[in-house]
Amino acid sequence: MPHKVSFPQFGDYWIPFEHLVTRGLEAEYVVPPPMTKRTLELGGKYSPDTACAPFKYTLGSLIEALEAGADLLVETGGACRLGYYGELQEQILRDLGYSFEFVNLAGANYSKPLTLLPFLKKINPHYSLPRFAMAGLAAAKMVDGMDAVDDFVRKNIGFEREAGAFEAARADFFRELRAAADRKEVSAALSRCLERMKKIPTDKPERPYRIGVVGEYYTIMDPFSNHNLEWELAKKGMVIERWMNLSGNRLEPAKKVREKIRRYTKYNMGVTCMSTIDCALTCAKKGYDGIIHVKSFGCTPENDAIPVLQNISRDYKIPVLYLSFDLQTGEEGLSTRLEAFYDMVVMRKRAWS
Amino acid sequence: MKIGIPRALLYHYYGPLWEAFFRALDCEVVLSAPTTKATVERGSRRSIDEACLSSKIYMGHAEELLDRCDALFVPRMADEREGIMCSKFEALYDLTENTFRDRRPALVDFEIDRRAKKGERKAFVSLGKKLGKGRLASNLAYFSALRAFEEDRSRRAAALEDSLNADKFKFLVLAHPYVIFDDYVGRPLVELIRAQGAEPVFGCDADFASCLQASYRLTESLPWSFSRALCGAAVLYANRVDGIVLVSAFPCGPDSLVNEILIRRVRNRPILQLTLDAQDGTAGAETRLESFADIIRMRREAGHER
Ligand code: SF4
């Protein structure tokens, strides 16, 4: 019997994971149910209080995946607390009495794909490497494509003439991705979607409001965690720019980044700090109308980036909205803050012109 | 030349090394005064709300020293022995610089990144250079400082062994040294443990290498080396104490997960978890510690084997 594999929800990136597991490893993939309030409640209940929100979200998601029938869970590693999620989450789930196999990628090094091989064996002892490699190429293309489409949507959805046009194009694209057999089909779906989106009629002013979104890896990429703030803002008629994504293809190489932000930092401040600061500085220099800094409550590296962002904000007179998410973050409070930020941005622009 | 060292964060671990190094190079060392309420308040004003208590305390100390020295010593430390550091220590230099930018602070720094092969000796020699000292003098200063540091470590390890042999009931205290040895937030708890007639056993004083080695019996993938050493201390000493007290600054990234692993995996001793923040100080913690001590004393008196 092939394993029923699952991975915590993380935006829409389950689509390429599913491809990797089903086509690449010939196992089953259990798509964890979309996150809901219940996911949060489960995650919050069984996580240590002071763990960061992404820990709680992903734990809740793993529980729901087990409930949906998964028998092998995969958790990733990372440079911050993320590097220890796996071991603790496994312990918590075992203490809750679930039985499952666990593949903790904290031991792998993504920049050296060969270190992944022993983990693949755990998922399917008879997997075929060429097959997995093919699926890997397709999945990577999917991630690239999803990132490109989302980037386009963020910049244009606020100006569509017919409400829902972009969302529909995006949804169709994601459906096609799930059906795609290989990299070629992924590429074809991507071109179709981009073509279609370019044709969607929009009323974009010559100089629209531009907002840059920077911050912590998980919260920034998971719309459920950040209450879909990008679209909410975009739909007020703003171009939303975000560089951080899973493919990482919009971020500049670390060395170059260090050079660019030299005026503010001498060393690498760790984890995502450098790209957060670099992207914020780019917004400032390019005359964006504002920056939103997104992170989970208590995220040490992103906390430490804040004093630097404050200095950038002073030097370039660019407003920054600091948002820190935890399980208590309410829809309403957030909307009010976004609203106030929007008003301020609009007023400033009027005052300048 | 007057070098200022904030009495906070890793000063509580590496202090003897740093001080001895600067003194061997004929620099005068100015330490900030032990933490008081005012230090915490000063540091909190200079920090964002969400920064951990230890980081706030650091900023309080740093600010106190800005006008009292020629250069403030702020290390940057990334990867340590067998693991990483909390990213606070990677960020500390630039965090301090950006926090006090309006005061144009003179900082002198060094960088230790063991995995990037920027080891300790090299870091100290280039620090010496920044202070205008020659390579030879810096090397010699480093080696004599290292001796001072190692003496301090073995003194502490010996004191730990004495505590373990004390004829009292004992608490293994697992906390970052800058939390538990801080005069304002940690010391009162230590004194309280003593006032209860118990002996505190400081996990962070144990021999680092043996702790690291022992830690693998408890946890496989724990990334932070200082937390790993504390886990090792739990493995080595849990059987020799009556209870375990975890003391953390709020909100602490590593501790938020590591404490949970300890609670779930160290099953043979009662564990008390205390979290300290800038608003409440130690008041709540003291009450909880007292009742924890009461329970353990009662169990002992009732003749429970540990
Ligand atoms: S380990 Fe915890 S207390 Fe220490 S600096 Fe990091 S977050 Fe702060």
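1. Cis peptide. B:P251 sits in the loop between β7 and α11 (253-265) of chain B. Helices (H or I, at least four residues) and strands (E, at least two) are DSSP runs, numbered from the N terminus. The bond that joins B:F250 to B:P251 is a cis peptide bond, with omega about -15°.

2. Basis of the note. This is a predicted model, in which local features need pLDDT of at least 70 and side-chain atom pairs count only at pLDDT 80 or more, while totals for chains, interfaces and linings use all residues. Residues are numbered from 1 along each chain as its sequence is written, chains are lettered from A and ligands numbered from 1 in the order in which they are written, and side-chain values use heavy atoms, with hydrogens and water left out.

3. Confidence in chain A. The mean pLDDT of chain A is 88, and 99% of its residues reach 70 or more. Here pLDDT is the predictor's confidence in each residue, from 0 to 100.

4. Positive phi in chain A. A:V271 is not a glycine, yet has a positive phi of about 45°. A:V271 lies in the loop between α11 (254-260) and α12 (273-285) of chain A. A:V271 is partly exposed, at 33% relative accessible area. The classes are buried (under 20% relative accessible area), exposed (over 50%) and partly exposed (in between), with a 1.4 Å probe and protein chains only. A:K317, also not a glycine, has a positive phi of about 50°. A:K317 is in the loop between α13 (300-316) and β8 (320-325) of chain A. A:K317 is exposed, at 53%.

5. Salt bridges. Side chains of opposite charge can pair when their charged atoms come close. A salt bridge here is a side-chain nitrogen of Lys or Arg within 4 Å of a carboxyl oxygen of Asp or Glu. Over all chains, the structure holds 45 of them. One of them pairs B:E64 with B:R68, with the closest N and O atoms 2.9 Å apart. B:R68 is partly exposed, at 39% relative accessibility.

6. A network in chain B. Salt bridges link B:R46, B:E63, B:D67, B:D102 and B:R103 in a network. Within it, B:R103 and B:D67 pair with their closest N and O atoms 2.8 Å apart. B:R103 lies in the loop between α4 (87-99) and β4 (107-112) of chain B and B:D67 in the loop between α3 (53-65) and β3 (71-77), so the pair ties together parts 36 residues apart in sequence. B:R103 is partly exposed, at 30%. B:D67 is exposed, at 65%.

7. A longer link in sequence. B:E161 and B:R240 form a salt bridge (2.9 Å, N to O). B:E161 is in helix α6 (residues 135-165) of chain B and B:R240 in the loop between α10 (225-237) and β7 (243-249), so this pair ties together parts 79 residues apart in sequence. B:E161 is partly exposed, at 32%. B:R240 is partly exposed too, at 28%.

8. A buried leucine. B:L10 lies in the loop between β1 (2-5) and α1 (11-24) of chain B. B:L10 counts as buried, at 4% relative accessibility. B:L10 and B:H176 are 166 residues apart in sequence and 9.0 Å apart in space, C-alpha to C-alpha.
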